[in-house]
Amino acid sequence: MKTLVLEPGAVSLEELETVYRNPCAVTLDQSCHEAIAASNRTITKAANGKEPVYGVNTGFGKLASTRIAPGDTVRLQRNLILSHCAGVGEPLDEPIVRLIMVLKLISLGRGVSGVRMDIIRQLEDMLACGVTPVIPAQGSVGASGDLAPLAHMTATMIGEGEANFDGKRMPSADALAAAGLEPVILGPKEGLGLINGTQVSTALALAGLFNTWRCMLGGLISGALSTDAAMGSPAPFRPEIHAVRGHQGQIDAAQCLRTVMTGSQIRESHRDDDERVQDPYCIRCQPQVVGACIDILRHAARTLEIEANAATDNPLVFSDGSIVSGGNFHAEPVAFAADQIALAIAELGSISQRRIALMVDPTLSFGLPAFLSPDPGVNSGFMIAEVTAAALMSENKQRAAPCSVDSTPTSANQEDHVSMACHAARRLGDMSSNLSMIIGIELLTAAQGVEFRSPLETSPVLQQAIATIRSGIARLADDRFMANDLEQAGKLARSAQFIENLGNVDFPQLGGL
């Protein structure tokens, strides 16, 4: 298994996506080890001292005023984990859980959490050996961090709860034993350091970001194909239009559309003597809509990259020996980022669905047959595929309502304002899956529409896109069972391979802000 060495505070989005997409061993760069050890020495001293220090020799939350004897600190941390294992619902997918573990490693690696290197090594060893905690998806309100889900992660580290190992779900103690590992015993503040933090919300938001970005790239291709299929004009993609407005995402989207449509015979065939003056907005305004989505996805990406490198537990231990209670566990930035991503998903799906609707409507599609069937009437063609896209679009629009504006007091009003970041981010998985299906349906309808323009050909890049589609999904002639085609098209829309097959295309980049 490949080993990825990460430097806390400088981990990139590319590295985080590698962790999410490809199971790998992860270790922290050795340069952070001394700071980790130094903060642990500070905590050890505080645990044996007389002054009350939150979470070290006191209770938690509303019980912070309760003093804990030095002999009870180990039991305090263990009880904290067991009592906070209160998550419910279906377990999170293993790639998400591995990303959570890596984000926790990065946070602890900043050297302000007070944990021992034993804790770092336990997480590293679990990742290397493939011991993945079973974490229920529900139970976090996004402050004080993702307490319940992170407690389930920590439970596996101490041999409690359940884990996945070698493709099987089993008690954590058995999984650790099978991997040749032993449960760790938590020292002062270590349980608190492990469950206080925004890593679950951040991991879910990052996964949503990565999947949405792929769908957006697929949507640029499906939109270009639809433009050619409907014999739309690429004039609205001219660079001067977008330069005078100035939004970088809009500029990048227009450039990509121009690039992939270069060389289209279909375009040249109606450059002159076309009675239409303007195309509908879903064709003409693609750079403006997709570009706005690119911009907010990039903004969300920057927020999440910062959060992925952040120390977000409480209290924090600084190099001057101070131990300070703060509120970095409050996931408001993540909640905002997740809400932004949800808005982008909804809008990308909305404009894609309108292009699908245009192409199946013979009154709008400039000569294409009804529902893109070669024999409409006895055949329904893409009639209900368009309805499916509409259903998914509306579902995503309903889910795009902001979660960050909600709050409810918890923990006897001690934690009286929370972010709701965790479920703000968790919905992105289903939403991005819906988006991939909408764009997949558009790829099918657009490819079919372009093929009806034969013998005229689309651009070389878009011909390659159609070839990739047709390598797994045949052109629709007589009606057939559609569900399998749609499922395969959705997978194609969210795959890296689809974009890579198009060759050297200057697609917008997520990073490099």
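This is a predicted model: local features need pLDDT of at least 70, side-chain atom pairs count only at pLDDT 80 or more; totals for chains, interfaces and linings use all residues.
Colleague: How many cavities of 30 Å³ or more does the structure hold?

Modeller: Rolling a probe the size of a water molecule over the atoms shows where empty space is left. A cavity is a set of points, on a 1 Å grid over the protein atoms alone, where a 1.4 Å probe fits but cannot get out; lining residues have an atom within 4 Å of a point. A volume is the space filled by probe spheres set on the points, which are joined across faces, edges and corners. The structure holds two cavities of 30 Å³ or more. The largest cavity contains about 50 Å³ of space, and its lining includes Phe382, Arg470, Arg480 and Asp485.

Colleague: By class, which residues make up the lining of the largest cavity?

Modeller: Ala, Val, Leu, Ile, Met, Phe, Trp, Tyr, Cys and Pro count as nonpolar, Asp, Glu, Lys and Arg as charged, and the others, Gly among them, as polar. The lining of the largest cavity has six nonpolar, one polar and three charged residues. The second largest cavity, of about 40 Å³, is lined by four nonpolar, two polar and one charged.

Colleague: Which helix gives the largest share of the lining of the second largest cavity?

Modeller: Helices (H or I, at least four residues) and strands (E, at least two) are DSSP runs, numbered from the N terminus. Helix α15 (residues 332-360) gives the largest share of that lining, four residues.

Colleague: How many residues has the largest nonpolar core?

Modeller: A nonpolar core is a set of buried Ala, Val, Leu, Ile, Met, Phe, Trp, Tyr and Cys residues joined through side-chain atoms within 4.5 Å. Buried means under 20% relative accessible area, exposed over 50%, and partly exposed in between (1.4 Å probe, protein chains only). The largest nonpolar core has 152 residues, and those with the most contacts inside it are Leu16, Leu206, Ile221 and Leu225. Helix α9 (residues 199-229) gives the most to this core, with 17 residues. Another core, of six residues, lies apart from it and includes Ile43 and Val317.

Colleague: Where is asparagine 314 found?

Modeller: Asparagine 314 is in the loop between α14 (286-308) and β8 (316-317), and it counts as buried because its relative accessible area is 6%. Contact means heavy atoms within 4.5 Å. Leaving out residues up to four places away in sequence, asparagine 314 touches Tyr54, Lys189 and Phe329, among others. A polar atom of its side chain lies 2.6 Å from the backbone nitrogen of glycine 326. The peptide bond from asparagine 314 to proline 315 is cis, with omega near -5°.

Colleague: Where does lysine 189 lie, and is it buried or exposed?

Modeller: Lysine 189 lies in the loop between α7 (172-178) and α8 (190-195). Its relative accessibility is 0%, so lysine 189 counts as buried. Phi of lysine 189 is near 70°, a positive value in a residue other than glycine.

Colleague: Which peptide bond to proline 455 is cis?

Modeller: The bond from serine 454 is cis, with omega near 15°. Proline 455 is in the loop between α17 (421-452) and α18.

Terms used. Residues are numbered from 1 along each chain as its sequence is written. Side-chain values use heavy atoms; hydrogens and water are left out. On a 1 Å grid over the protein atoms alone, a cavity is a set of points where a 1.4 Å probe fits but cannot get out, and a pocket is an open set with protein on both sides within 12 Å along at least five of seven lines; lining residues have an atom within 4 Å of a point. A polar contact is a pair of N or O atoms within 3.5 Å; within protein, one must be able to donate a hydrogen and the other to accept it, and residues adjacent in sequence count only if both atoms are side-chain atoms.
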